[in-house]
Amino acid sequence: MRKRRERLMAYLAAVGMAGVLAGCSPSGSGNVGESTAHIGIVFTQAGLGGNSFNDLALDGVKRAAEELGITYDQVEPKSVADEEIIQDEMASSGEYDLIICVGDEQVDALNNVASVYTDQRFALLDATSQLDNVASYSCKAQEGSFMVGALAVLAKQEQIDNRLSGSHTVGFIGGVDNPLINQFAAGYKAGAAYVNPEITVLTDYVGGFNDPTTARTIANTFYEKGADVIFHASGASGMGLFQAAEEKGFISIGVNLNQNTIAPDYIMASMLKRLDNCAYHAIASVVNDTYTGENQLLGLSDGGVDFTVEGSHISVPDGVLKQLDEIRERITAGEIEVPSEL
């Protein structure tokens, strides 16, 4: 095991990542020999920083270290090509009770590696694999989006901000037109229509996740057509939405992470995909010996998705939040069935 670990460290040094793989033992977690489990986590090439998906996943691992006594190693690949090499070295070492891989970009590499190391347990966050030794954790994006769709229309009805008009129009900007992004669109539209069946939800797609200029153009067009609340699921392209909101004076809604502090006067709320809870669930299954290599979908009822107004300067009245709590209860009770397709 030591030789294999040294091989991985040598590889990381060769590609300029020396030091990112370390026996991370947060306070109280002990060393590998004393821990309940030893975990490896491989991030996407985007790395840590900027309140990204990777940071959120790491938060879940850190919480498991504090509460469950696990230890962990973390690696930030420099490229997609590095991901399979790192996965292979971790799996071949035999040191890890669970190897967590973040994001859809790691699926092909993980399917290759997990097919070879069939006794190694893996977890895949925010993507799916059909292999028996890979537990896939995805979020019901449509349920969190339903909540912010309802919020958008309730905010307009209650006129919680003087920038909100009496129009029956809101907007949705997606990164690309695919089934995953359309889960956000479907939930948002359904939530808006639940509050006001006469609502119009303008929808358009940027064509990519790193094109704020196009997102800004779409947002401006939506605003001209009467949409004064616009939600995005477009990755870094969403910065263009926030820029347009500041320039034109309308309200926006963030996605996946708490983006409210980016422009707190113009972002009312953020829909959350709780990858931290997904990572924690995966680790807890290993610690509690309940791990199964199955696809697991987490929603409002089990902390997979949510929304937050924390950090926004736009005050959402308690009465509106109470109505949203009631909607949440109806979804978790199965009384409201949220569509995942348009």
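This report describes a predicted model of a protein, going from the whole chain to single residues.

## Overall make-up

The protein has 342 residues, and 54% of them count as buried. Its secondary structure consists of ten helices and twelve strands.

Among contacts between residues at least 6 apart in sequence, 70% join residues at least 24 apart.

Helix α8 covers residues 238-248. Its buried residues are G238, G240, L241, F242, A244 and A245. An α-helix has 3.6 residues a turn, so residues three or four places apart point the same way. In α8, L241 and A245 are two of the buried residues.

## Strand β7 at L202

L202 belongs to strand β7, which spans residues 200-205. Its relative accessible area is 18%, and because buried means under 20%, L202 counts as buried.

Leaving out residues up to four places away in sequence, L202 touches T169, V170, G171, F172, F222, K225 and A227. One of these, K225, is 23 residues from L202 along the chain, and the C-alpha atoms of the two are separated by 8.8 Å.

## A buried residue in a loop

Q120 sits in the loop between α4 and β4 (122-125). Is Q120 buried or exposed? With a relative accessible area of 7%, Q120 is buried.

Setting aside neighbours within four places in sequence, Q120 is in contact with A91, Y96, D97, L98, I99 and N133.

## Salt bridges

How many salt bridges does a search of the whole structure find? The search finds seven. Three of them are described here, among them the pair R274 and D276, whose closest N and O atoms are 2.7 Å apart. R274 is partly exposed at 25% relative accessible area, while D276 is buried at 9%.

A second salt bridge joins the side chains of D306 and R328, with 2.9 Å from N to O. D306 lies in strand β12 (residues 305-308) and R328 in helix α10 (residues 318-332), so this pair ties together parts that are 22 residues apart in sequence. A further salt bridge links R330 with E335, where the closest N and O atoms are 3.1 Å apart. R330 is partly exposed at 32% relative accessibility, and E335 is exposed at 53%.

## A patch of negative charge

Which residues gather in a patch of negative charge on the surface? They are E84, D104, E105 and D108.

D108 lies in helix α4, which runs over residues 107-116. The relative accessible area of D108 is 61%, and because exposed means over 50%, D108 counts as exposed.

Q159 is not a glycine, yet its phi is positive, at about 50°. The residue Q159 is placed in the loop between α5 (141-157) and β6. Q159 is partly exposed, with 42% relative accessibility.

N256 is also a residue other than glycine with a positive phi, in this case near 70°. N256 is found in strand β9. N256 has a relative accessible area of 16% and is buried.

Technical notes: Residues numbered from 1 in each chain as written. Predicted model: local features only at pLDDT ≥ 70, side-chain atom pairs only at ≥ 80, totals over all residues. Heavy atoms only, no water. Patch = residues over 30% accessible without salt bridge, like charges linked within 9 Å, V, L, I, M, F, W, Y side chains within 5 Å. Areas by Shrake-Rupley, 256 points an atom, 1.4 Å probe, with all protein chains shown as cover. Salt bridge = Lys/Arg side-chain N within 4 Å of Asp/Glu carboxyl O. Lys, Arg positive; Asp, Glu negative; His and termini not counted. Charge placed at Lys NZ, Arg CZ, Asp CG, Glu CD. Helix = DSSP H or I, 4+ residues; strand = E, 2+ residues; numbered from the N terminus. Buried < 20%, exposed > 50% of the residue type's maximum accessible area, 1.4 Å probe, protein only. Contact = heavy atoms within 4.5 Å.
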